[in-house]
Amino acid sequence: MTTGQTSVFLRLLDVQRIAAAFCALFGLVGIGLSIHLTRLKFQMLYTPCKSAYGGCRVGGLTCDDALGSSWSMVLGMPISVWGAGFYLTITVAAAMVLRRDSFGGTAANLLIALTMFAVLVSAALAGYTAVALPSPCPFCMALYAVAVLALVSAWLAWRPPGGTWLTFRQMAQERLADALDGVFALSLVMVASTGIQALGYHGFRNLVDAQDGCPELAEDLPEATIHAGAGSPRAILALFVDMTCSKCLSEFKRLGSALRDEQFPVPVQLWIYHMPRQACDTSAFPDTWDRKDNDAANNNACLAALAAECMEKLEGRGFLLMDGMFALHGERQASAALFTPERIANRAVELGMNIDPDDPHNPLFRCIDGDKEVLERITAHQKYSDRPGFMPPTVLVYRAEAGALDLRRKPLVANANTSLNTILDYVRTQAEAELQP
Amino acid sequence: MDTMLKILLAFAGVLALTIAAVVYMAVSDVGRRPIPETSSDPVVRCDASSFEGAICPDNFYCQYDTCVPVEPVTTCAEGESCRECECDTGLVCYQFRCTAPSRVDWKPLVCEEDERLSKAVATLADKCNKRKKNIDELASAGSCTPADWEMLAMEDAEFDLLLAAFPGRFAVHFPPGRPFLKSDAWPSPVERDHLIRQIQGFRGTLRAAKQIFVIGRASPDGASSTNHSLAVRRMNLLSSLIEAVIYEGMTPTQRDQQRIRIRSFSLPTDRPIQPKTYRATYLLDPGGGARVGPDPLVTWDDASREWFAASLANEALLSATNTGDWQRLNGAVNRVVLVIPIPCLGDEPTRPRQVLQEAAKGVPG
């Protein structure tokens, strides 16, 4: 095919309109992905028990880090709300290119400008993800790809091979009024779509309860010995943790800091419950136990729970040892267990426990190896968390009466997705609750 | 004079002074360490070309024709980084730390002697290394998560062949639909004991392993989600049984001080293993002969074991891929959990050869 034939063929093919149609299609895909991300963010914030950990999971990738980052909200709205508005604007601009001579023939220029902006923002977000986030979010990455594809199709719609195009200089000199017309119309689309989404987003907040989807608790809590916080609490937070889980580390730090900085609206106590995802007493669980997690077992989750309880029993410093053991997450080695008797004993010595870490019969190891009471207590914690299917970490916020749990009022359930503000609200609600006589 | 001009001149003056100071420091002796006064020490001459002439006073050595002092070598104590210094006498540099030899995880002899195994470990370490984010870690097959291994196994069509190099591998078979998804009624105590007894035959290999792959497969027929759940439940069961065997008689602290990492992952049912490949890879030696040691075919009772053994020994059946019997065998072969004890990770240092032992090998008699 000669050059002349090619150009005739391309003209007949009408590359500009096909490219604009593809661009509109990519815009629609972008809208779908953005709405999905908004839904995930909404669930994380307002119905945390319904939200899967990780926000979403595609292969080894999760949305958790991206949706939980400070960049996920812009002006009080999830960034995906702005994204959906922007992709709708791109779709409308692409549709305008399909209609010939829209905005005096400047629609293609506006479309390429919009898609370039989308790619620039995507590049900035991708850079932030690569540098600052442990795991990229699969749907966000799909959005970045959509932005690039939209740019390519917008480019073809602006400068179709074999066709003519309007440069930006020409646009500014000859058709500025038309272009401003287009900018105004597209801005209206952006403002209206974002506004409608904002109304819907905040409106739905009032229609849901943060307790939706939270596990139903059937029976009374078992005994817990590790307590921290105020002497006369008005609320008690029962924190269920597996010390090998990194979210449990974050939750422990978050609640510990809130306690230390007196962020709670009333005096509270933190009670520690253990839910290692490993059968500490193998005779108490079936071999096929579904909650078992090999990663937790490989990192000796039970050993950590036993050590914390034993330290509490022997020295009254279980909470401090937990703090020290959680710090070992920062020294994690991929090919070695997170918790070993040696590492834990060294932490105990650092806290002033008078033991020889190299002595296999030191008091701490004797307790870990042979104290049935401690083992039974941990097993009771595990079984309590097993039936409703708690995910580590889970927090139950109870009303407190005379320093003990007030079981007349149902606890409020929170997890790693629940924001600290929501937990503070739960504490206030429970503390101020009027009980029916 | 204009105020702005004055300010500019002042800036230029400060700049010139700064440049002059930098130049002065660069060319002068300021900041250089003073050379120690050695003029009081007489220069001791020597002759490095002969044994007698090369003798120097204590703490000196002969350099060409002059005795020069031996510079003290910076050494590092146990636990300190040995990236930029030598370890104290008696310590070895292990994973970038000075470590007592007794605490070093030396490469097991089997990984040195078995070339095929050594290559397989190096390949695993290399594959794992490509998925790692932390460049400071040594190339090791121990730093990948089960999710990494699952991806690697799915990407590599030859993964089964790679695993065939590991001695002590065995395969545990399950009846259809067992263990139940919603009940713990299977295995019964009798079946559990039967499984445990067979796994006990591999206790030595399992205990010597650095990590153990527990790879679940499921029969290719049926819903894939159900098959996946079954595979997970089978892996859970088997890792519990393996732990029961490995840590039998140990206290929790003894167990957790030497815990062997179990990496369990499942393979998709749309890539079933063919009975013929299964037999060659997991039941026979790489050379094609029968394996030495305990029988790698583990089943829930004697009758099923006999059926498997007979079917897998039947060459005609293994080739008759369009028959009902073959289909039945194919389903049974894929209701399996493969257990691969990995004796080394690829980052262990080789134990220094005992020179005398080596020499002794050469002495006749």
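**Close-up views of a predicted two-chain model**

Figure 1. In soluble globular proteins, nonpolar side chains tend to be buried together.

**Figure 2. Surroundings of V397(A).** When neighbours within four places in sequence are left aside, V397(A) is in contact with A235(A), L237(A), P411(A), L412(A), A414(A), I423(A), Y426(A), V427(A) and Q430(A).

**Figure 3. Helix 4 against helix 5 in chain A.** The axes of helix 4 (residues 79-98) and helix 5 (residues 107-132) of chain A come within 8 Å and cross at roughly 155 degrees. Because of this angle, helix 4 of chain A is roughly antiparallel to helix 5 of chain A. Helix 4 of chain A passes helix 5 of chain A in a left-handed crossing. On the side of helix 4 of chain A, the contact is made by F86(A), T89(A), I90(A), A93(A), A94(A), M96(A) and V97(A). Helix 5 of chain A supplies A107(A), A108(A), L110(A), L111(A), L114(A), T115(A) and A118(A). By class, the residues of this contact divide into 12 nonpolar, 2 polar and no charged.

**Figure 4. F103(A) in the loop between helix 4 and helix 5 of chain A.** F103(A) is placed in the loop between helix 4 and helix 5 of chain A. Although F103(A) is not a glycine, its phi is positive, at about 50 degrees. Most residues other than glycine have a negative phi. Is F103(A) buried or exposed? F103(A) is buried, because 25 other C-beta atoms lie within 10 Å.

**Figure 5. Helix 2 against helix 4 in chain A.** The axes of helix 2 (residues 15-46) and helix 4 of chain A come within 8 Å and cross at roughly 165 degrees. Helix 2 of chain A is therefore roughly antiparallel to helix 4 of chain A. The crossing of these two helices is left-handed. Their contact has 17 nonpolar, 8 polar and 2 charged residues.

Figure 6. In helix 12 (residues 318-327) of chain A, the buried residues are G318(A), L320(A), L321(A), M322(A), G324(A) and M325(A). These residues pack against helix 9 (246-260), strand 7 (268-274), helix 11 (301-315) and helix 13 (341-350) of chain A. In helix 13 of chain A, P341(A), R343(A), I344(A), A345(A), R347(A) and A348(A) are buried. Their covering includes helix 11, helix 12 and helix 14 of chain A, together with helix 9 (252-257) of chain B. Just after helix 13 of chain A, G352(A) takes a positive phi of about 95 degrees.

**Figure 7. The contact between chain A and chain B.** The contact takes 22 residues from chain A and 25 residues from chain B. On the side of chain A that touches chain B, helix 10 (294-298), helix 11, helix 13 and helix 14 (363-370) of chain A each supply at least two residues. This side of chain A has 11 nonpolar, 7 polar and 4 charged residues.

**Figure 8. Two cis peptide bonds.** P392(A) and P393(A) are joined by a cis peptide bond, with omega of about -5 degrees. P393(A) is found in the loop between helix 15 (372-386) and strand 8 (394-401) of chain A. In chain B, the peptide bond from R178(B) to P179(B) is cis, with omega near -10 degrees. P179(B) lies in the loop between strand 7 (170-173) and helix 6 (189-200) of chain B. Most peptide bonds are trans.

**Figure 9. Chain B and its residue N59(B).** Chain B contains 14 helices and 11 strands, and 31% of its 365 residues are buried. N59(B) is located in the loop between helix 1 (3-27) and strand 1 (60-63) of chain B. N59(B) is not a glycine, yet has a positive phi of about 65 degrees. N59(B) counts as exposed, because it has 10 C-beta neighbours inside 10 Å.

Technical notes. Residues numbered from 1 in each chain as written. Chains lettered and ligands numbered in written order. Predicted model: local features only at pLDDT ≥ 70, side-chain atom pairs only at ≥ 80, totals over all residues. Buried ≥ 20, exposed ≤ 12 C-beta atoms within 10 Å, placed from the backbone. Helix = DSSP H or I, 4+ residues; strand = E, 2+ residues; numbered from the N terminus. Contact = placed C-beta atoms within 7 Å. Nonpolar A, V, L, I, M, F, W, Y, C, P; charged D, E, K, R; others polar. Axes fitted to C-alpha atoms, helices over the stretch in contact; angles between N-to-C directions. Parallel < 35°, antiparallel > 145°, perpendicular 65-115°, else oblique. Left-handed = near helix turned anticlockwise from the far one by under 90°.
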